[in-house]
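The following report describes a single protein chain for a reader concerned with its geometry. Please consult the sequence and the coordinates alongside the text.

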Amino acid sequence: IDPTDDLTFWYVSEYVPTTSSIGWRLRVGSFRLSNAPVPTAAVSRKLHGGTPYDILLPVIPVGGNIGIECRSTGGTNDYQVVTTFAASVTAITTATMTPGPGGTGSVLGAPIVSGNQVTVNLTNVSDLQRLTVNLIGVVSGTNSGDVSVPMGMLTGDTNASGAVSAADVSQTKAQSGNTTTAANFREDVNASGSVNAGDVALVKSKAGNILPP
């Protein structure tokens, strides 16, 4: 079983070509036990002073530190996960969120479908966890089934290393005073639309935190 999705099976077979003098040959094949649509992209989206900026999330749970959400706007800790498919989404049953051990969070409202994208709003999402957004009963093109999108939550991890350290503080300080852009939006950890002392203080307060395995 392929550990990247737990649905793909790889197998190896030997055979002898009837017209060959080489002898045994090897063939590697695979098959998948799900007809669920495979996303082409998934992102965690936040508005920074009204402008959306996206953090890429893995479309297959591959572990590691891919897709770390480093931003926190306080309050109810709302986030938005947008998943894109190759074909238009014609139906979806519901969406759920599976928190990591000790983590909290839930889906706010019904999933929103627009063309080939599904948007799921999350609320009360706690820091220091690996969560999964589950799209249940997605129908896209000729495929249908359930789709899962993993996401790491580690406020202040501006360099996506899996830990908040002096490097994140220095990186945020270096951008202080700048308006948020596509190049520095991770340093705008409070999503205010600019990088300032508030962002530096927030990153400092999270120093030493590590994303759970």
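How many salt bridges does a search of the whole structure find? The search finds 2, where a salt bridge is a side-chain nitrogen of Lys or Arg within 4 Å of a carboxyl oxygen of Asp or Glu.

## Basis of the report

This is a predicted model, in which local features need pLDDT of at least 70 and side-chain atom pairs count only at pLDDT 80 or more, while totals for chains, interfaces and linings use all residues. Residues are numbered from 1 along each chain as its sequence is written, and side-chain values use heavy atoms, with hydrogens and water left out.

## Salt bridges

Glu69 forms a salt bridge with Arg71, and their closest N and O atoms are 2.8 Å apart. Both Glu69 and Arg71 are buried.

## Overall architecture

The protein chain contains 2 helices and 13 strands. These elements are DSSP runs numbered from the N terminus: helices are H or I runs of at least four residues, and strands are E runs of at least two. The C-alpha trace spans about 75 × 40 × 30 Å along its principal axes.

Of the 213 residues in the protein chain, 38% count as buried. Among contacts between residues at least 6 apart in sequence, 59% join residues at least 24 apart; a contact means heavy atoms within 4.5 Å.

## Strand 6 and its partners

Strand 6 (residues 79-84) is mostly covered, with 5 of its 6 residues buried. Strand 6 runs antiparallel to strand 3 (residues 41-48), and 5 bridges join the two. Within that pairing, Thr83 of strand 6 is the bridge partner of Ala42. Strand 6 is also antiparallel to strand 11 (residues 117-123), to which 6 bridges join it, and Thr84 stands opposite Gln117 in strand 11. Two strands are taken to pair if DSSP finds at least two bridges between them.

Lys46 lies over the face of Tyr79, at 4.4 Å from the ring centre. The criterion for a charge over a ring is that NZ of Lys or CZ of Arg is within 6 Å of the ring centre and within 35 degrees of the ring normal.

## Nonpolar cores

The largest nonpolar core has 21 residues, and Leu122, Leu131 and Leu135 have the most contacts inside it. Strand 6, strand 8 (94-98), strand 11, strand 12 (129-140) and strand 13 (143-153) each supply at least two residues of this core. A nonpolar core is a set of buried Ala, Val, Leu, Ile, Met, Phe, Trp, Tyr and Cys residues joined through side-chain atoms within 4.5 Å.

Leaving aside residues up to four places away in sequence, the residues that Leu122 touches include Tyr79, Val81, Met97, Leu108, Leu131 and Val133. A second, separate core of 7 residues includes Val164, Val189, Val203 and Leu211.

## Aromatic pair

The structure holds 1 aromatic pair. Tyr53 and Phe185 form this pair, which is stacked, with 5.4 Å centre to centre and 10 degrees between the planes. Because Tyr53 lies in strand 4 (residues 51-57) and Phe185 in the loop between helix 1 (166-175) and helix 2 (197-205), the pair ties together parts that are 132 residues apart in sequence. Both Tyr53 and Phe185 are buried. Rings of Phe, Tyr and Trp (its six-membered ring) pair if their centres lie within 6.5 Å; planes under 30 degrees apart count as stacked, over 60 as edge-to-face and the rest as tilted.

## Backbone features in two loops

Most residues other than glycine have a negative phi. Asn77, which is not a glycine, has a positive phi of about 50 degrees. Asn77 lies in the loop between strand 5 (68-69) and strand 6, and is partly exposed at a relative accessible area of 22%.

Asn124 has a positive phi near 55 degrees and is found in the loop between strand 11 and strand 12. At 45% relative accessibility, Asn124 is partly exposed.

Note on methods:
Buried means under 20% relative accessible area, exposed over 50%, partly exposed in between (1.4 Å probe, protein chains only).
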